[in-house]
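Q: I would like to learn how to read features of a protein model. Where do we begin?

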Amino acid sequence: MNQVRPPAPQLADIEPYDPKYIPAKIMVSANENSSDVPFDIRREIERETRKVAFNRYPDPLANDLRDLIAEANGLDRDQVIMGNGGDELLFNIALAWGGPGRKFLNMPPTFSVYKNNAQLTNTEIVNVDRLADFSIDEDAVVARLAQGDIDFTIVTTPNNPSGNIASNDFVARACEASDALVMVDEAYFEFSRYTARPLLARYENLVILRTFSKAFSLAGVRLGYLLGSERVLTEFKKVRQPYSVDAVSQAIGRVVFANRAKFEKEIDQIIEERGRMHDALCALDGVEAFPSESNYILFRLADADAGQVWQRLLDRGILVRDFSRSAGLEGCLRVSIGLPEENACFLAELKAILEGAS
Ligand SMILES: *Cc1c(COP(=O)(O)O)cnc(C)c1O
């Protein structure tokens, strides 16, 4: 039998993405919304999806959905582009603005997908590490951009996994520092209620990434979008898979976006629970919880082995995310804000585990 020749060399250092998504009673590892789409909206979705012709290709650009999103943001259709989840658009920025001989400025610790996409596309990664409290080293980033050789950068706000936001003053400075494309990843902006959108009118080199996966309970459906200048989004159209956003997802997205006001109460509750969770985590001995403006909290264990605590939580039916082997995140776990009873259960079990360990 023939052996297979090696794949493209840049794959050698890449690990397949593994979210360690193990079924558990309480799933608080992936920053999903613990509540599914409300029943009345689901009924409307069922009515809409029944009209979809499965035998026909979808509208490649999802123009009806683009129009809804554009209108809500005071933009034109040409300033919006849809993707198969935000993740597709993160891959597309690396395809369109990265590549051999080109440079991506990353601000780790942050979302690991950015680094992977840069590696896949043979884009050089220039790291400007975050400070110890996970805030961006703003002057260092601006100075590095000002050298003029960076092709694109991604500012995550709130940052995943640390939960802190980047200010619009900083985003504006980053946009002014050079002509690099600056993506602001606002996957969680509904929980911070803070957006760089007002800056779009001023900077052609700014794009904003958003998703339906978190606040809008659609992680299973795969819808994300970009807001940006027509000039930039035209380039994204060149690299995208023509039919990446299927007709069923488009129909679901239209209904959910039109009903987005109905998610506000849930978002309020998550924000309230986040405050309670943060206080409760800080009150535990040996736990340092980082302030979060998102729907998750990163915390560091001073005395206990984080990997072991992760396993003990899982043994008790609670799946959180273990970052303890990631650079800059030693000793850290991340818990998503779930339903009030899930959060209470998580806190009680964590307390019991830590008390048992000491
Ligand atoms: C979840 C997430 C996204 C996008 O997720 P999709 O499900 O692909 O839309 C983008 N950026 C960050 C930082 C995220 O956490």
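A: We begin with a definition: a polar contact is a pair of N or O atoms within 3.5 Å; within protein, one must be able to donate a hydrogen and the other to accept it, and residues adjacent in sequence count only if both atoms are side-chain atoms. Here, a polar side-chain atom of Arg-222 lies 2.6 Å from an oxygen atom of the ligand. This is a predicted model, in which local features need pLDDT of at least 70 and side-chain atom pairs count only at pLDDT 80 or more, while totals for chains, interfaces and linings use all residues. Residues are numbered from 1 along each chain as its sequence is written, and side-chain values use heavy atoms, with hydrogens and water left out.

Q: How many residues surround the ligand, and which are the closest?

A: A residue is near a molecule or strand if one of its heavy atoms lies within 4 Å of it. The ligand is surrounded by 14 residues, and the closest are Gly-86, Asp-185, Tyr-188, Thr-211 and Lys-214. The side chain of Tyr-188 has an N or O atom 2.6 Å from an oxygen atom of the ligand. Ser-213 also has a side-chain N or O atom 2.6 Å from a ligand oxygen.

Q: At what angle do H5 and H6 pack?

A: Helices (H or I, at least four residues) and strands (E, at least two) are DSSP runs, numbered from the N terminus. Axes are lines fitted to C-alpha atoms, for helices over the stretch in contact, and angles run from 0 to 180 degrees between N-to-C directions. Helix H5 (residues 138-146) packs against helix H6 (residues 168-177) at about 20°, with the axes 8 Å apart. H5 and H6 are therefore roughly parallel to each other. Angles under 35 degrees count as roughly parallel, over 145 as roughly antiparallel, 65 to 115 as roughly perpendicular and the rest as oblique.

Q: Which residues make the contact between H5 and H6?

A: Contact means heavy atoms within 4.5 Å. From H5 come Glu-138, Asp-139, Val-141, Val-142, Leu-145 and Ala-146, and from H6 come Phe-170, Arg-173, Ala-174 and Ala-177. By class, the contact of H5 with H6 has seven nonpolar, no polar and three charged residues. Ala, Val, Leu, Ile, Met, Phe, Trp, Tyr, Cys and Pro count as nonpolar, Asp, Glu, Lys and Arg as charged, and the others, Gly among them, as polar.

Q: How do H3 and H4 cross?

A: The axes of helix H3 (residues 85-97) and H4 come within 9 Å and cross at roughly 40°, and H3 and H4 are therefore oblique to each other. In this pair, Leu-90, Phe-91 and Ala-94 of H3 meet Val-113, Tyr-114, Asn-117, Ala-118 and Leu-120 of H4. Their contact has seven nonpolar residues, one polar and no charged.

Q: What is the handedness of the crossing of H2 and H9?

A: A crossing is left-handed if the near helix is turned anticlockwise from the far one by less than a right angle, and right-handed if clockwise. The crossing of H2 and H9 is left-handed, whereas H3 passes H4 in a right-handed crossing.
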